[in-house]
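Here are my notes on this entry, as numbered points. Please read them alongside the sequence and the coordinates.

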Amino acid sequence: MDLESIKFLNDFAIAPLKIDATILMNLDIKEGFKRTKVRYGAKEVFDRFESQNIVFHQNVMSGFLQIAENEHDRIAVIDASGTIGDIHKKIMEALNELLR
């Protein structure tokens, strides 16, 4: 999915609002799938989005990272590979920065 498509879908989803702060949790796609399996157990319960192939997810994440780079004043990218506690701390720190 190209950047313009991502922007279009994002604008469509939130229009006419402008979000003040966004947290983009960056996680290796394969690790994300592992976490999904842990969450749902042995059953592979994937929605339409999760059922897409890895290239799709890489392209979407690449697009979101480009948007974050262009809008760094309102989007914080955090490493989501840590524990829940680590991620929570990073989110709170990022929100404190973005909402100053």
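**Notes on the model**

1. In α3, the buried residues are Phe56, His57, Val60, Met61, Gly63, Ile67 and Ala68. Their arc around the axis is only 155 degrees, which puts them on the same side of α3. The arc is taken from the directions that run from the helix axis to the C-beta atoms. Buried means under 20% relative accessible area, exposed means over 50%, and partly exposed is in between (1.4 Å probe, protein chains only).

2. This is a predicted model, in which local features need pLDDT of at least 70 and side-chain atom pairs count only at pLDDT 80 or more, while totals for chains, interfaces and linings use all residues. Residues are numbered from 1 along each chain as its sequence is written, and side-chain values use heavy atoms, with hydrogens and water left out.

3. The chain has four helices and two strands, in the order α-β-α-α-β-α from the N terminus. Helices (H or I, at least four residues) and strands (E, at least two) are DSSP runs, numbered from the N terminus. Of the 100 residues of the chain, 21% count as buried.

4. Helix α3 spans residues 54–70, and its 17 residues reach 24 Å from first C-alpha to last, close to the 24 Å expected at 1.5 Å a residue. The expected span is 1.5 Å times one less than the number of residues. Exposed residues Glu69 and Asn70 sit on the face of α3 turned away from its buried side. At the N-terminal end, Asn53 caps α3, with a side-chain oxygen 3.1 Å from the backbone nitrogen of Val55.

5. Helix α4 (residues 84–98) has 15 residues and reaches 21 Å between its first and last C-alpha, close to the 21 Å expected at 1.5 Å a residue. Ile87, Ala94 and Leu98 are the buried residues of α4. They cover an arc of only 35 degrees around the axis, so they lie on the same side of α4.

6. How many salt bridges does the structure hold? There are three salt bridges, each defined as a side-chain nitrogen of Lys or Arg within 4 Å of a carboxyl oxygen of Asp or Glu. Side chains of opposite charge can pair when their charged atoms come close. Glu71 and Arg74 meet at 2.6 Å, N to O, and both residues are buried.

7. Glu31 pairs with Arg35 in a salt bridge, with the closest N and O atoms 3.5 Å apart. Both residues belong to helix α2 (residues 29–40) and lie four residues apart, about one turn of the helix. Glu31 is partly exposed, at 27% relative accessible area, and Arg35 is partly exposed at 27%.

8. The salt bridge of Arg100 with Glu97 has its closest N and O atoms 3.4 Å apart. Arg100 counts as exposed, at 77% relative accessibility.

9. Ala80 lies in the loop between β2 (75–79) and α4 and is buried, with a relative accessible area of 4%. The C-alpha atoms of Ala80 and Glu31 are separated by 9.9 Å, and the two residues are 49 residues apart along the chain.

10. Phe8, Leu9 and Phe12 make a nonpolar surface patch of about 380 Å². Patches are made of residues with over 30% relative accessible area and no salt bridge; like charges are joined within 9 Å and nonpolar side chains (Val, Leu, Ile, Met, Phe, Trp, Tyr) within 5 Å. Phe8 lies in helix α1 (residues 3–14) and is exposed, with a relative accessible area of 57%.

Conventions. A polar contact is a pair of N or O atoms within 3.5 Å; within protein, one must be able to donate a hydrogen and the other to accept it, and residues adjacent in sequence count only if both atoms are side-chain atoms. Accessible areas come from the Shrake-Rupley method with a 1.4 Å probe; for residues, only the protein chains shown count as cover.
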